[in-house]
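Dear colleague,

I am passing on the structure below, and after it you will find my notes on what turned up when I went through it. Please read them alongside the coordinates.

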Amino acid sequence: MPSEGRCWETLQALRSSDKGRLCYHRDWLLRGEDVLEECMSLPKLSSYSGWVVDHVLRHTQENPLSSETAASSRSTLTLGQPSSGPKSPVRTPTFSPTSSVTPDGAEGKHKFQYTEPMVLQSSRGIKVEGCIRMYELVHRMRGTEGLRQWQEEQERKVRALSEMASEQLKRFDERKELKQHKEFQDLREVMEKSSREALGHQEKLKAEHRHRAKILNLKLREAEQQRLKQVEQERLRKEEGQIRLRSLYALQEEVLHLNQQLDASEQHRDTLKFDLSAFRTRGNQLCSLVSGIIRATSENGFPTAEDQAVAERALQEMRDLLTSLQQEISRTCEDKRRQDEEAAQEKQQESKMQQGPEAPRETPAPNQGPGGKQNEDLQVKVQDSTMQWYQQLQEASNQCVLAFEELTNSKDSQAKKIKMDLQKAATIPVSQISTIAGSKLKEIFDKIHSLLSGKPVQCGGHSVSVTLNPQGLDFVQYKLAEKFVKQGEEEVASHHEAAFPIAVVASGIWELHPRVGDLILAHLHRKCPYSVPFYPAFKEGMALEDYQRMLGYQVKDSKVEQQDNFLKRMSGMIRLYAAIIQLRWPYGSRQEIHPHGLSHGWRWLAQILNMEPLSDVTATLLFDFLEVCGNALMKQYQVQFWKMILLIKEDYFPRIEAITSSGQMGSFIRLKQFLEKCLQHQEIPVPKGFLTSSFWRS
């Protein structure tokens with residue numbers, strides 16, 4: 001509504017007026033009734049008037065107020081009076097102090113000049129004004145005093161802070177100086193320590209230098225000694241080479257002489273019942289071999305020990321060849337002589353019948369043959385009982401081969417597959433035997449035992465059993481025995497410690513399956529006749545290569561293996577045999593005796609000592625047998641064993657040494673040193689690789 005808008009405008013205008021801006025106290029009635037009384041009473045001078053005149057008016061004269069200020073004062077004074085009362089005719093006189101200053105700077109007198117009539121205020125106004133002025137003055141004095149005190153306090157605090165900062169600076173300087181002193185001390189200690197370490201290191205370097213100089217001097221002396229030794233060795237090598245060369249010439253001369261004796265045997269061609277061409281061919285080959293060695297050494301310098309050994313083996317073979325021929329000739333001559341004697345006796349009997357009885361004549365003693373006188377103590381042939389046992393084993397082996405001949409020669413693919421699987425199942429576990437943990441060895445034994453017992457075993461990812469073929473068991477037994485002997489020939493020959501794990505498995509299988517043990521012996525005797533012991537004789541009509549195979553040599557393309565390789569194989573098989581006779585399967589029955597125990601080892605040792613030694617072979621086999629089985633024989637036979645060792649040293653060593661050439665003395669010297677050491681300590685050491693109880697717990 002328009003009237004409402006004007007109303008608000010009016011109120012706003014009143015609020016903006018001078019009166020509207022005045023402050024009104026709502027509690028003025030509480031101050032008492034004297035406020036109204038002062039408004040109704042006549043104005044009078046207050047007791048503060050003199051002070052006001054002295055201070056306020058003087059200040060007013062010094063600082064003249066502007067007309068606006070005067071008007072404001074008037075309005076204030078006017079407002080200080082009650083509006084309903086009469087106005088006072090008295091005006092407030094205004095004094096304006098004037099001061100005249102002379103040009104010379106002299107201050108003039110103050111003159112009070114009436115400018116405007118004063119309006120006297122009420123006593124209460126003057127009192128209030130005076131109070132205000134006094135309050136301001138007191139407040140100013142109080143503020144000045146407070147400011148002065150605050151300044152003093154601040155100055156005191158500044159001095160205190162300055163003193164404290166000075167003390168802290170002193171402490172800081174002291175700490176800094178102390179720290180520098182400590183750092184200096186630490187640095188000094190570090191330098192002293194470094195100096196001591198440097199001196200120690202220097203002393204150490206000096207000691208090392210002296211030590212190295214000493215070592216260098218020793219090395220120089222050793223180098224000089226080595227040089228002198230090499231010079232001496234070179235001189236000895238040349239001397240030995242010359243000796244070997246002369247020996248080779250002597251060997252060649254003897255080989256040629258023996259070959260001439262072979263050619264001289266042609267005169268007996270008519271009386272002999274066999275062809276001599278094989279002997280002559282082999283004799284010519286041996287002569288060519290020795291001549292080739294001499295030609296090669298003349299081109300390359302001096303002959304080596306191996307060359308001499310080859311020539312000596314050729315000479316020995318030539319001797320054996322001539323001995324065999326002479327034995328055959330002697331046997332033939334003896335047979336012819338016997339036939340002639342029998343014919344003469346028959347004629348004599350006929351003449352006796354015709355002429356009458358006569359005194360009997362003495363028959364001549366049989367000729368001992370061209371071989372000369374036989375040794376009274378030792379023999380060449382094996383005992384009859386041992387030979388019979390050897391032939392029985394070979395016969396059993398041959399019968400086993402005949403038993404599975406049908407399986408071997410079968411053309412059926414299924415039979416071939418069964419044969420291959422059975423052979424793998426029998427041979428692979430034996431190939432896995434080595435110096436492994438006892439638990440693994442038991443797994444191999446159980447697998448072989450299960451196969452021989454007819455149980456199925458896993459091989460090549462499928463099941464295999466001997467029951468798949470009627471001849472399967474014979475085939476597996478034969479191949480298993482063959483593999484055991486082959487491991488001795490190859491694995492044990494290269495790693496002597498392998499003899500014991502292979503032997504303990506073979507012994508356990510032998511105990512549970514005796515036929516396998518007999519086949520092992522048959523294979524062993526066939527490949528190593530010295531394990532019987534048996535020295536095969538050269539038979540009439542036998543090819544030389546077949547005879548060498550009977551002796552244990554490997555012959556391929558009419559080439560005989562080297563003597564070192566031959567001895568290595570024989571050594572491996574003898575070591576396996578020596579380990580078998582002393583070991584038993586630890587998980588078997590202890591109540592039963594060993595199927596082929598130490599008594600057979602004692603028999604072997606006694607029989608080989610009753611036979612003539614063979615060059616390089618007997619010494620090697622004796623050493624291998626005693627090194628593996630000597631400790632067990634010592635514990636079993638005790639005093640009797642040491643008597644046999646003394647017999648070997650005193651009686652058998654001279655026989656071995658007599659037939660051993662200079663190039664074959666290595667095996668003899670090794671055996672001799674081994675037995676001398678054992679006799680010195682009165683003990684045969686436990687062989688290396690022997691299976692102890694800790695092996696079976698692993």
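**Salt bridges**

Arg-227 is partly exposed, with a relative accessible area of 42%, where partly exposed denotes the range between buried (under 20% relative accessible area) and exposed (over 50%), with a 1.4 Å probe and protein chains only. Please bear in mind that this is a predicted model, in which local features need pLDDT of at least 70 and side-chain atom pairs count only at pLDDT 80 or more, while totals for chains, interfaces and linings use all residues. Residues are numbered from 1 along each chain as its sequence is written, and side-chain values use heavy atoms, with hydrogens and water left out.

The side chain of Arg-227 meets that of Glu-224 in a salt bridge with an N to O distance of 2.5 Å, a salt bridge being a side-chain nitrogen of Lys or Arg within 4 Å of a carboxyl oxygen of Asp or Glu. Glu-224 is likewise partly exposed, at 36% relative accessible area. Because Glu-224 and Arg-227 are three residues apart in helix H5 (residues 123–264), about one helical turn separates them; helices here are DSSP runs (H or I, at least four residues) and strands are runs of E (at least two), numbered from the N terminus.

The UniProt record, an unreviewed entry, places the feature "coiled-coil region" at residues 206–241, with positions in the numbering used here, a shortened feature name, and the caveat that annotations may be inferred rather than shown by experiment. In the model, residues 206–241 are 100% helix and 0% strand, with the end C-alpha atoms 50 Å apart.

By the salt-bridge rule, the count comes to 23. Among them is the bridge between Lys-417 and Asp-421, at 3.2 Å from N to O, whose two residues lie four apart in helix H10 (residues 413–431), about one turn of the helix. Lys-417 is partly exposed at 43% relative accessible area, whereas Asp-421, at 12%, counts as buried. In helix H11 (residues 438–452), Glu-443 and Lys-440 are three residues apart, again about one turn, and their side chains meet in a salt bridge of 3.9 Å, N to O. Glu-443 is partly exposed with a relative accessible area of 48%, and Lys-440 is also partly exposed, at 41%. A network of salt bridges links Glu-167, Lys-170, Arg-171 and Glu-174.

**Aromatic contacts**

A search of the whole structure finds 14 aromatic pairs, a pair being two rings of Phe, Tyr or Trp (its six-membered ring) with centres within 6.5 Å, called stacked if the planes are under 30 degrees apart, edge-to-face if over 60, and tilted for the rest. Trp-602 and Tyr-637 count as stacked because their ring centres are 4.4 Å apart and their planes stand at 25°. Trp-602 belongs to helix H17 (residues 598–609) and Tyr-637 to helix H18 (residues 617–637), so this pair ties together parts that are 35 residues apart in sequence. Tyr-637 counts as partly exposed, with 23% relative accessibility.

Phe-653 and Phe-668, by contrast, form an edge-to-face pair, 5.5 Å centre to centre with 80° between the planes. This pair links distant parts of the chain, with Phe-653 in helix H19 (residues 639–659) and Phe-668 in helix H20 (residues 665–681), 15 residues apart. Both Phe-653 and Phe-668 are buried.

One aromatic cluster is formed by Tyr-530, Tyr-535, Tyr-553 and Phe-566. The charged end of Lys-442 sits over the ring of Tyr-587, 5.3 Å from its centre, where the criterion is NZ of Lys or CZ of Arg within 6 Å of the ring centre and within 35 degrees of the ring normal.

**Backbone geometry**

Most residues other than glycine have a negative phi, and most peptide bonds are trans. Val-532 and Pro-533 are joined by a cis peptide bond, with omega about 0°, and Pro-533 is in the loop between helix H14 (514–527) and helix H15 (544–550). Asp-616, which is not a glycine, has a positive phi near 70°; this residue is in the loop between H17 and H18 and, at 9% relative accessibility, counts as buried. Gln-682 also has a positive phi, about 55°, without being a glycine, and is found in the loop between H20 and helix H21 (693–697).
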